[in-house]
Amino acid sequence: MAEGPVYDPGGDWQLPGPNGVRGAGSYGGGDGAGAGFEYDEETLRELMHEWNDLANEFADDANAARVIATAEGPGLEYASGGNAELVRASGAALISTLQSRETYCRAMAARFQTALSKYATTEEAHSTEIHQAGGSL
């Protein structure tokens, strides 16, 4: 696996520009070859599971937030009803936010799943090439 640039939080970092200028923490080589990140199969699988786990936590939190979104006032007077209305609106906004975050996490997990599939396809192709050349793994 190739060594990429190391992120230096105190450095003057920037993304590669049109001239391929690399500062500390820049990503990729400026040659259009990609972002410069490389993961092995185990890491891809772990990241996919972590994103899915995080999405599941957001889904659980959204389900728990439904209690807030359906709150009723403690009494029949105007103040209780008005307060409950605001609490329900806050709960609805919370649910919406949590669902957006869950969607984002699922999309990230899907990206790692896609990368994992590409990894497996590439591994299979290289293995076939080696066997055709008379070698073994």
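**Reading the surface of a predicted chain**

Modeller: The chain has an accessible surface of about 9,800 Å², and 54% of it belongs to carbon and sulfur atoms. Areas come from the Shrake-Rupley method with a 1.4 Å probe, and for residues only the protein chains shown count as cover. This is a predicted model, so local features need pLDDT of at least 70, side-chain atom pairs count only at pLDDT 80 or more, and totals for chains, interfaces and linings use all residues. Residues are numbered from 1 along each chain as its sequence is written, and side-chain values use heavy atoms, leaving out hydrogens and water.

Biologist: How many helices and strands are in the chain?

Modeller: Helices (H or I, at least four residues) and strands (E, at least two) are DSSP runs, numbered from the N terminus. Here you get two helices and zero strands.

Biologist: And what percentage of the residues is buried?

Modeller: Buried means under 20% relative accessible area, exposed over 50%, and partly exposed in between (1.4 Å probe, protein chains only). In this chain, buried residues make up 18% of the 137.

Biologist: Why does Ile 68 count as partly exposed?

Modeller: Because its relative accessibility is 35%. Ile 68 sits in helix H1. Asp 61 is in H1 too, which covers residues 41-69, and Asp 61 is partly exposed because its value is 41%.
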